[in-house]
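These are my notebook entries on one protein chain.

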Amino acid sequence: MCMSWHSVAKHNQSHRAKLLGRDQPPMLMVSTDQEGTWNLCNLMDEKVLDLQVNSSNKRFCGSSKGWVIIGEENFAVTLLDPLSRTKGKEEKENSIIRLPPLITPPDDKGGALKFWTENYEYYVHKATLTADPILNANECVVVVIFGHYSNMAFLRLSKDTTWTYVDEVTGICEVVCIENKFYVVDVWSRIFTFDITTQSYSDIKFVAQGIKRTPFMLQYLVALNDKEVLMVHRLSELDEDDMYVTKQVKIFELNFDEHKWIEKKTLGDIAIFVGDNSSLAVPASNFPGYQPNFIYFNHFNDRAFNNHELQYGVDFGAYDVENQCFLAPYSTLTKTMIKMAQCPPIWVVPTFRLI
């Protein structure tokens, strides 16, 4: 079932005051078989919105603050506001922001430059924003995880013309900003923190030791508030079709006093959304249609699995934390769209900017 663009806008306008200051639910952005066209799926109502986003058929390396993030062929980074670039509507001038290129991979005997030139969409593994780059440009910092060793770099949107590279930590999985402080989790589940200052950045401080790592495990960092930080472990295995699928999910909470992770058996009313997007959590009771105590997951950045083109429509669904089981709580139409997608689907939190 489809909902018109005007209905979406009208509904958003009437509820704008109610939503102000509250979490908003994510929607699923899925590429179509038409070049440069994406659909938005509202999973709460099991509807596909009757609007199509104009964008290239490239993988999005991030989704944050209502914007999607793209890694370009010259290793530059582009920010794009999807709802300002819908089919049949005039594109807003400020709906796309082009950032400078990241450092070029070395042209060494190992073939790094050749590999990343051929796989440039994966050079930036994940990216995030600290604020809306139009509404709050002075507070917007773009942070990217990139390259063979999953290094980190950042750019202060209103100040910097080049990237600043943070070389002290590698193997990074995700970065979140909490109360102007950045938290970083690596592949060993270790967590670090640092501040980005007006000059550069502060010394990186160790916060908590990691958890024993197993092969094909992904870590996601989720900030509930400034005192509650969660980590989601997602373990994948090969199925009978030689495809990587999620087989196990665990949740841990950061104990700031004891500097360690504590396994958590319930999320209560919270629903978590992970994938190539910046991981996010919302109170499910505010948004009927999403289940509390669930983790909704999408395609992951499987560069290391060497299985990009086959993974998109296979590994998606939800994990029921209480009953410790996997479900596919999507409509038949949404499932079919995901399986036919030309690019990895991604969670986005729509914003309706008036400027």
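This is a predicted model: local features need pLDDT of at least 70, side-chain atom pairs count only at pLDDT 80 or more; totals for chains, interfaces and linings use all residues.

Entry 1: a charged pair. With which residue does Glu174 form a salt bridge? I found that the partner is Lys126, and that the closest N and O atoms of the two are 3.3 Å apart. Glu174 belongs to strand β13 (residues 172–178) and Lys126 to strand β9 (residues 124–129), so this pair ties together parts that are 48 residues apart in sequence. I then looked up their accessibility: both Glu174 and Lys126 are buried.

Entry 2: further salt bridges. I recorded eleven salt bridges in the structure. I looked up Asp195 next, and its side chain meets that of Lys181 in a salt bridge, at 3.3 Å from N to O. Asp195 sits in the loop between β15 (191–194) and β16 (205–208), while Lys181 is in strand β14 (residues 181–186); the two are 14 residues apart. Asp195 is partly exposed, at 26% relative accessible area, and Lys181 is partly exposed as well, at 28%.

I also noted a salt bridge between Glu263 and Lys265, with 3.3 Å between the closest N and O atoms. Here Glu263 is partly exposed at 36%, whereas Lys265 counts as exposed at 57%.

Entry 3: cavities. How many cavities of 30 Å³ or more does the structure hold? I found two.

Among the residues lining it are Tyr220, Arg234, Thr246 and Phe297. At least two lining residues come from each of β18 (228–238), β19 (244–255) and β23 (294–297). This lining has six nonpolar residues, one polar and one charged.

Entry 4: Which residues of helix α5 (residues 332–339) are buried? I found Thr334, Met337 and Ile338 to be buried. They cover an arc of only 100° around the axis, and therefore lie on the same side of α5. Residues three or four places apart in an α-helix point the same way, because there are 3.6 residues a turn. On the face of α5 turned away from the buried side, I recorded the exposed residues Thr332 and Lys339.

Methods
Residues are numbered from 1 along each chain as its sequence is written. Side-chain values use heavy atoms; hydrogens and water are left out. Buried means under 20% relative accessible area, exposed over 50%, partly exposed in between (1.4 Å probe, protein chains only). Helices (H or I, at least four residues) and strands (E, at least two) are DSSP runs, numbered from the N terminus. The arc is that of the directions from the helix axis to the C-beta atoms. A salt bridge is a side-chain nitrogen of Lys or Arg within 4 Å of a carboxyl oxygen of Asp or Glu. On a 1 Å grid over the protein atoms alone, a cavity is a set of points where a 1.4 Å probe fits but cannot get out, and a pocket is an open set with protein on both sides within 12 Å along at least five of seven lines; lining residues have an atom within 4 Å of a point. Grid points are joined across faces, edges and corners, and a volume is the space filled by probe spheres set on the points. Ala, Val, Leu, Ile, Met, Phe, Trp, Tyr, Cys and Pro count as nonpolar, Asp, Glu, Lys and Arg as charged, and the others, Gly among them, as polar.
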